[in-house]
Amino acid sequence: MQAPRSIPDHLWDELFAGMGCDRDRALLEFYVSSGARASELLGIGLDDIDWSGQLIYVISKGTRIRQPVPASPNAFRYLGSYLAADGLPDPGQPVWRTRRGDPRPLTYWATRRILQRANDKLGTNWTLHDARHTAAVRMAGVERLTLAEVQTILRHAHLDTTGRYLTARVEDLHDKLQEHYTKPRPQRTFAAGYDPEDIKAVFGG
């Protein structure tokens, strides 16, 4: 089975910086903090947003059940800025809309194009599904969340699927390894009262 293709943090920051408006920033932040699938997130309306609870309600791809999904405060902040600037959607219409001409629901292909424009500038090829993988890897790496809790958030049918995201990435280990390499070697100490010559005879040095 292919390993999850999550986006390292520094490359995620570059991708996020490539977003041109608060709508796109909100979309990307919801994807990486909620782990919602692309089509699930694009289908939400105003009635699916719980501002105080920091939740969105999505129709799960597999079960077709409406389920709550938590997201980050930043996602809701960018969403609020987007709606304040572009106005609220008509009743029953999705929150995400086009910004040119008459507003229309934002399609999956139009959302892919938003990401592709940033990819073209950065020389990368990240996809919307990579954002879900990134969310899963981040959640699985948080000590306060159990694997079963991550499974619930991501709405995986099987725990084995969630377990795939526990694999450490070399990119994430870089800073830890650099700290390890530059850490001074521990100095051996002995209790007072031992003759230094005796210690040298036994342990060398």
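## Val-32 and the ground rules

Val-32 counts as buried, with a relative accessibility of 5% (buried is under 20% relative accessible area, exposed is over 50%, and partly exposed is in between, using a 1.4 Å probe and protein chains only). Val-32 sits in helix H2; helices (H or I, at least four residues) and strands (E, at least two) are DSSP runs, numbered from the N terminus. Val-32 and Leu-128 are 96 residues apart along the chain, yet their C-alpha atoms are separated by 9.5 Å.

A quick word on bookkeeping: this is a predicted model, so local features need pLDDT of at least 70 and side-chain atom pairs count only at pLDDT 80 or more, while totals for chains, interfaces and linings use all residues. Residues are numbered from 1 along each chain as its sequence is written, and side-chain values use heavy atoms, with hydrogens and water left out.

## Rings

A pair of aromatic rings is described by the distance of the centres and the angle of the planes. Here, rings of Phe, Tyr and Trp (its six-membered ring) pair if their centres lie within 6.5 Å; planes under 30 degrees apart are stacked, over 60 edge-to-face, and the rest tilted. That rule gives six aromatic pairs. One of them is Tyr-82 with Trp-96, a stacked pair at 5.8 Å centre to centre with 5° between the planes. This pair ties together distant parts of the chain: Tyr-82 belongs to helix H4 (residues 73-86), Trp-96 to the loop between H4 and helix H5 (108-122), and the two are 14 residues apart. Both partners are tucked away: Tyr-82 is buried at 2% relative accessible area, and Trp-96 is buried at 0%.

Tyr-108 and Trp-109 make an edge-to-face pair, with 5.3 Å between centres and 80° between planes. Tyr-108 is partly exposed at 36% relative accessibility, and Trp-109 is exposed at 59%. Back with Tyr-82 and Trp-96, ring pairs link those two with Phe-30, Trp-51 and Phe-76 into a cluster. There is also a charge over a ring (NZ of Lys or CZ of Arg within 6 Å of the ring centre and within 35 degrees of the ring normal): Arg-77 lies over the face of Tyr-78, 4.7 Å from the ring centre.

## The sheet

Three strands make an open sheet in the order E1-E2-E3, with antiparallel pairing. Strands E1 (49-50) and E3 (66-70) are at the edges with a single partner strand each, so one side of each has no neighbour in the sheet. Two strands pair if DSSP finds at least two bridges between them. E1 and strand E2 (residues 55-59) are joined by two bridges, while E2 and E3 are joined by five.

Which residue in E2 is the bridge partner of Asp-50? That's Leu-55, and Leu-55 also stands opposite Pro-70 in E3. The E1 and E2 hairpin has four residues between the strands, and Gln-54 takes a positive phi near 55°. The E2 and E3 hairpin has six residues between its strands, with Arg-64 in the turn at a positive phi of about 65°.

In a regular strand the side chains alternate between the two faces of the sheet. On E2, Ile-56 and Val-58 make up the covered face, whereas Leu-55, Tyr-57 and Ile-59 are on the uncovered one.

Everything here runs on a 1 Å grid over the protein atoms alone: a cavity is a set of points where a 1.4 Å probe fits but cannot get out, a pocket is an open set with protein on both sides within 12 Å along at least five of seven lines, and lining residues have an atom within 4 Å of a point. Grid points are joined across faces, edges and corners, and a volume is the space filled by probe spheres set on the points. The structure holds one cavity of 30 Å³ or more, and the largest cavity comes to about 50 Å³. Its lining includes Met-19, Asp-24, Leu-27, Tyr-31, Ile-114 and Leu-128. Helix H2 (22-34) and H5 are the elements that give two or more residues to that lining, and H2 has the largest share, four residues. By type, the cavity lining splits into seven nonpolar, one polar and one charged (Ala, Val, Leu, Ile, Met, Phe, Trp, Tyr, Cys and Pro count as nonpolar, Asp, Glu, Lys and Arg as charged, the others, Gly among them, as polar).

The largest pocket holds about 440 Å³ of space. It is lined by 17 residues, with Arg-23, Asp-24, Arg-100, Ile-114 and Arg-117 nearest its centre. H2 and H5 each supply at least two residues of the pocket lining, and H5 gives the most, six residues. The pocket lining divides into six nonpolar, three polar and eight charged residues.
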